[in-house]
Amino acid sequence: MITRWLLRRLARSVDDRLRTAPVVRRVLAAVFPDHWSFMLGEIALYSFVVLVLTGVFLTLFFAPSTADTVYTGAYAPLDGARTSAAYASTVRLSFDIRAGLLMRQSHHWAALLFVGAIVLHLLRIFFTGAFRRPREMNWLIGVTMLALALFNGFTGYSIPDDLLSGTGLRILYSVTQSIPLVGEWLVFLAAGGEFPTDEMVPRMFVSHVLLVPAVLAALIAIHLGILIRQKHSQFPGPGRTENNVVGSLFWPSYTVRTLALFAWVLAVTFALGGLAQINPVWIYGPFDPAQATSPAQPDWYVAWGDGALRLFPAVEFRIFGQLVPSPFLPGVVFGGLTFAGLYLWPFLDRRHGRDRLAHQLLDPPRAHPARLGFGVAVLALFAVLLAAAADDVIATILRVPVLDVLAILRVLALALPVPAGVTAYLVARALRANGGRGVGDLTRADVRSAGRLVCVGSPVGGAPTGIGTPEGTAEPVDADRVELWRDRTGLWRWRYRGASVSLTANRAYPSRAEAERAARTAYGDLSVWEVAPPGGRPGAPAAVAARAGRAAGRVGGYLALAAVAFWRARRDRRR
Amino acid sequence: MTGTEAGPARRIGVILAVLGLAAGPVPLSASAAPTPVPPDTSAAVPGGLVSPATPGAGPGSSAPPSATDPARSRGADLFLRSCASCHGPRGEGTQRGPSLVGVGPASVDFQLSTGRMPLDQEAAQPPHRRPAFSAADIQAIVGHVGSFGGGGPQIPTVGPGDLREGRELFLAHCAACHSAAGVGATLTNGLVAPSLDRSTPVQVAEAIRVGPGLMPAFPESILSPAQVDAVASYVQHLRGDRLDRGGASLGRLGPMTEGLVAWVVGLALLVGVARWLGSRAGR
Ligand code: HEM
């Protein structure tokens, strides 16, 4: 009772002075769609909260300096050794400070989850077209936050001044240095001298705990502010239009759900932090420019850059007499292209689709086969790059030469993305034609007809007979139309087909004419097409997905056998 | 905490290992003795018929060595049976194996105690396995190979060493190949610097002095005996999960496995939770 009265007094007095009621009312009345994929961004948000909480704890004990110190403490192999203050304090955090190791590990796990959740969130936005007008601005902010998260992860990973991260820092230094004309200046400006300098740790520390988190927090606020103002997008569905949002109110039902998610994020990060060891810097030892450890990789979210450096052949060339060192193309140019592509995507997509309209309804991913195919191809490339960053681990585990691993990954980097993208493209087309069913229901005929469509430009669904359109005129495939077919019971059905939706009529008709009449009543001005029954004719071949799975398994088995035989032969020859 | 508690136990272990190795030959060679039956004890054996034949079987000059030094003949016997096919009956080397003349006891003991020899199939790199021979037999073979020709590093005696110095030396000399965590890493041609997870202190010291396979040998001018002791005791510290203070070690393979766990465990779980929460909406 008393708390309630107090709260009401407080709210009223704040509102009197700041006029907060309209804002709060607006937020509390905001409607959040129920689809799970809208919570991916929240996983990122809550990981950020965990990062700040644990990071503040770490800041209390971390000494951001490379000054010589003597570590004394519970870690016997370092007891009495001289190391940098940063390294000594990180080991002290891990061994001598109560809950220090839990906090350190949870911080690091949260960082991995943070970037992972951002990437998943970005993929959701990308494949559903949520970046389209009017949401381009939030896309740009999101990409900026991704870049800042990568950067902050890298600085955080580097400040403990251990042997492993020092190796990574040296690589970043030489990549930056490789930029023609300005590279030398940039590294001098950033690091204050030749690698390694005493300035690097304190500077990275300030950037890591203050500058970037502050900018991130501001961007998150703007991101969410824009979200509330523009309202959520939503997937198409019954009762969902361009002018409404269907879902739960922020208060109370969504609040409960999102707090549950927060609790889960806390639980998962701290469970990982307590149970799974991450970045054991006490084992790696302090950074020493004369030493090395192998295998060595960076954290996964920057590993694609490292993978590109390992895969790309070492080429140096001259532009206007300026020597451009080999890290320039895979490091600077590739990284730059990646982020330029991300920033420009909404505008490229708009041009490609000639679609400048505002959208509140999302595309199901299949609705845009080209976008889906492109995205899948890029993902395949990045997956190969990530594997390339682990080439030494793969070689150790499989006991094969690193150079062979690199050669295979080089081939994959060139050969995998396009087939992966084309497959995704074809499956999306087949799904779109088949209307609202899952990948598992696709038949081979569906995919083949989608493929034929791409090749010849004939309409979807086998050999339809055009009704209402002159024979031979190539109808644009995406145009709205009505489709008719005879189902397996012999009855006639029809459906409306738009670019991204298909609405199947409930009733079946004994004759084709009746079905056509019904369709014309509903959509008088659309052309009517007779098509093969969507999804699973009687006696249709088994679902393609299952077949493809089986075939892939068989091919994989043969490939594995061949690889084993190949390596055996090589090893024998070497002996 | 763990370091100080484990200290004495490890040290005792090291000392026992050293004592055991030093004392090993005495009791074990006694147990190996029954093979060539001495004439006087054979009288006690029920099959007394053998004794008349014994003097006739053992005349000439070949008997005395086996009678005076049974371990020696056991060594020769085992060598002929298990090693000569590749290394030649006098260790002179064949097409299938290098010469063992002058490799030194440390090398032979290392190869046998890590189970690398006898090689049963030709592999690019003999793996660490359970040793094929008992400690006494290894001792006997080492002695026999020593008779082919002198020289080579002796089996080092390893004492307790300074952990801190060991850590520094390990990072400076060994981590580039064996990884700072001691889990091993790839070199060239698919050969690896193996994990040190199963290496005893004596094996570590032997490897340092001998330089097996692709590994360089570190002579006393680079690593003094005290420094070898230090490295050996640090490697013991690396072994097992004593240093994995943070929980499951994930193989100590570094950030890529951690990233994999973050995706496969952490994110998969959270996405599952999001789906579950989403499916509960509106109820
Ligand atoms: C974008 C968000 C952040 C990311 C991605 C991130 C990531 C990281 C990573 C990967 C490490 C290395 C941890 C390790 O040693 O294993 C680290 C260390 C550290 N972080 Fe963060 N962090 C973030 C935000 C923060 C914030 C907001 C603070 C402080 C308020 C902070 C304070 C620290 C400190 C003091 C360390 C060094 C201590 C240590 O490594 O043990 N971090 N961070």
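**Salt bridges and the iron site**

B:Arg81 and B:Asp77 form a salt bridge in which the closest N and O atoms are 2.9 Å apart. The model is predicted. Both residues belong to helix H6 (residues 70-82) of chain B, where a spacing of four residues separates them by about one helical turn. B:Arg81 is exposed, its relative accessible area being 58%, whereas B:Asp77 is partly exposed at 36%.

A further salt bridge in chain B joins B:Arg167 to B:Glu168, with 3.8 Å between the closest N and O atoms. B:Arg167 is buried, with a relative accessibility of 2%, and B:Glu168 is partly exposed, with a relative accessible area of 33%. In chain A, salt bridges with shared partners connect A:Arg132, A:Asp349, A:Asp363 and A:Arg371 in one network.

Over all chains, the structure contains 17 salt bridges. One of them pairs the side chains of A:Asp392 and A:Arg310, at an N to O distance of 3.6 Å. A:Asp392 is located in helix H15 (residues 391-398) and A:Arg310 in helix H12 (residues 300-311), both of chain A, so this pair ties together parts 82 residues apart in sequence. A:Asp392 and A:Arg310 are both buried.

The iron atom of the ligand is coordinated by NE2 of A:His107 and NE2 of A:His208, at 1.9 to 2.0 Å. A:His107 lies in helix H5 (residues 100-128) and A:His208 in helix H9 (residues 200-230) of chain A; the two are 101 residues apart and link distant parts of the chain. Both A:His107 and A:His208 are buried. The iron site has six donor atoms with angles of 86 to 180 degrees among them, and its geometry is octahedral. Ideal angles for six octahedral donors are 90 or 180 degrees.

Methods: Residues are numbered from 1 along each chain as its sequence is written. Chains are lettered from A and ligands numbered from 1 in the order in which they are written. This is a predicted model: local features need pLDDT of at least 70, side-chain atom pairs count only at pLDDT 80 or more; totals for chains, interfaces and linings use all residues. Side-chain values use heavy atoms; hydrogens and water are left out. Donors are N, O and S atoms within 2.8 Å of the metal (3.2 Å for Na, K and Ca); water is not among the atoms, so sites may look incomplete. Four donors count as tetrahedral if all angles lie between 85 and 135 degrees; four count as square planar and six as octahedral if opposite donors are over 155 degrees apart and all others between 65 and 115; anything else is irregular. Buried means under 20% relative accessible area, exposed over 50%, partly exposed in between (1.4 Å probe, protein chains only). A salt bridge is a side-chain nitrogen of Lys or Arg within 4 Å of a carboxyl oxygen of Asp or Glu.
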